[in-house]
Amino acid sequence: MSEYDSSSVFLNNMRKLENCLQAENDQEAISCIRHIFQTLSAGTPDAAPSIQRRLHYLFDTVRLYLCERDESSSLSKRKDITPKKGQNLDDLCEELCDALHAIQKAEEDDPLKKRKIHQITQYIQENYQDPNLSAGAIAEQFHISLPWLSNLFKRELHINFLDYLHRYRIKKAKDLILQTKYNIGDIAEMVGYTNAVTMTRAFKRYEGITPSWYRQNPPVGQKRI
C-alpha cells in the first residue's frame, strides 16, 4: 500500500473514531482504536515518521475528547504524548482503550445522565402532541448534540429516540381508539401525527395491525366505547 493510500485509510478510520467519540459510543470507539492500531506497522512507533505523526494525531484526538468529557482523566492531563522508551504499539493501544474503559465505567451510574434522560422523557410525554417534536428539537431544547442524545437513549433506555417517541404516541392513540369515538384521522393529529396515513404506518409497524383493526378487535379484557 502506498503512503497516499495508507494516509487515506488512516484518515477515514479517524473520522469513524471521531464520530463514535462525539456520540460517546465508547465500545465502538474502542473497536475503532484497535482497528487503527492493526493498520499500523508493528514495532516501536519511532521506527517510522509517518507512524509517529499518526500516533500524535490519534492521541491528541482522544485526549481532547477526554478533556471535554472528564477533566479528571489521567490521559487528559498527559501533555507529552511521545511514547515512552520501550513502549510498543500494543502498549499504546491498551493505554487509549483503558482510558475509554475507565470513563465508561465512571459514567455507568452517573446521576446527572439519569436525571437528564428523565427530564427529556418527561418533556416528550408533555409535548408528544406536537407534530414538530423531533430529535433535533429535543437536542436544541436541552442544549445537547444529536449524537449525544442518541447515545443517551440507547445507554439509559436501550431504545432509540424515534422508537421511544413512536411507542409513546401509539400508546396514547390506543387509549383514544378504545375510549373515544374520534375517527382515526382526528386521533392521529391528537397524538402528534400529521395525518391518519402516517399514524397507521407507525401503528402497524409497532403493533402489527392497523388502528381500525385494533378498534374492531380490542384486546381481551378491554372494551371499546
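This is a predicted model: local features need pLDDT of at least 70, side-chain atom pairs count only at pLDDT 80 or more; totals for chains, interfaces and linings use all residues.
Let me begin at a loop, the one between α6 (135-141) and α7, where H143 is found, with helices taken as DSSP runs of H or I of at least four residues, strands as E runs of at least two, and both numbered from the N terminus. Residues are numbered from 1 along each chain as its sequence is written, and side-chain values use heavy atoms, with hydrogens and water left out.

Back to H143, whose phi is near 55°, a positive value in a residue other than glycine. H143 counts as exposed because its relative accessibility is 72%, where exposed means over 50% relative accessible area, buried under 20%, and partly exposed in between, with a 1.4 Å probe and protein chains only. H158, in the loop between α7 and α8, also has a positive phi, near 60°, and is likewise not a glycine; at 69% relative accessibility, H158 counts as exposed.

As for the overall fold, the protein has 11 helices and 0 strands. Buried residues make up 41% of its 225 residues, and its accessible surface, by the Shrake-Rupley method with a 1.4 Å probe, comes to about 13,100 Å², of which 50% belongs to carbon and sulfur atoms. If we take contacts, meaning heavy atoms within 4.5 Å, between residues at least 6 apart in sequence, 62% of them join residues at least 24 apart.

Which residues touch the most other members of the largest nonpolar core? They are L17, I33, F37, L58, V62 and L100, out of 27 residues in that core, a nonpolar core being a set of buried Ala, Val, Leu, Ile, Met, Phe, Trp, Tyr and Cys residues joined through side-chain atoms within 4.5 Å. At least two residues of this core come from each of α1 (3-22), α2 (26-39), α3 (49-69) and α4 (89-107), and α4 gives the most, with 8 residues. In soluble globular proteins, nonpolar side chains tend to be buried together.

Leaving aside residues up to four places away in sequence, L165 touches I124 and L133, and its C-alpha lies 9.4 Å from that of A135, 30 residues apart in sequence. By contrast, N132, in the loop between α5 (111-127) and α6, counts as exposed at 61% relative accessibility, and its C-alpha is separated by 9.4 Å from that of T194, 62 residues apart along the chain.

I will finish with the largest pocket, which has a volume of about 170 Å³. Its lining includes A23, E24, N25, Q104, P147 and R155, and the elements that give two or more residues to that lining are α2 and α7 (146-156). Of these, α7 gives the most, with 5 residues. A pocket here is an open set of points on a 1 Å grid over the protein atoms alone, where a 1.4 Å probe fits, with protein on both sides within 12 Å along at least five of seven lines, and lining residues have an atom within 4 Å of a point; the volume is the space filled by probe spheres set on the points, which are joined across faces, edges and corners.
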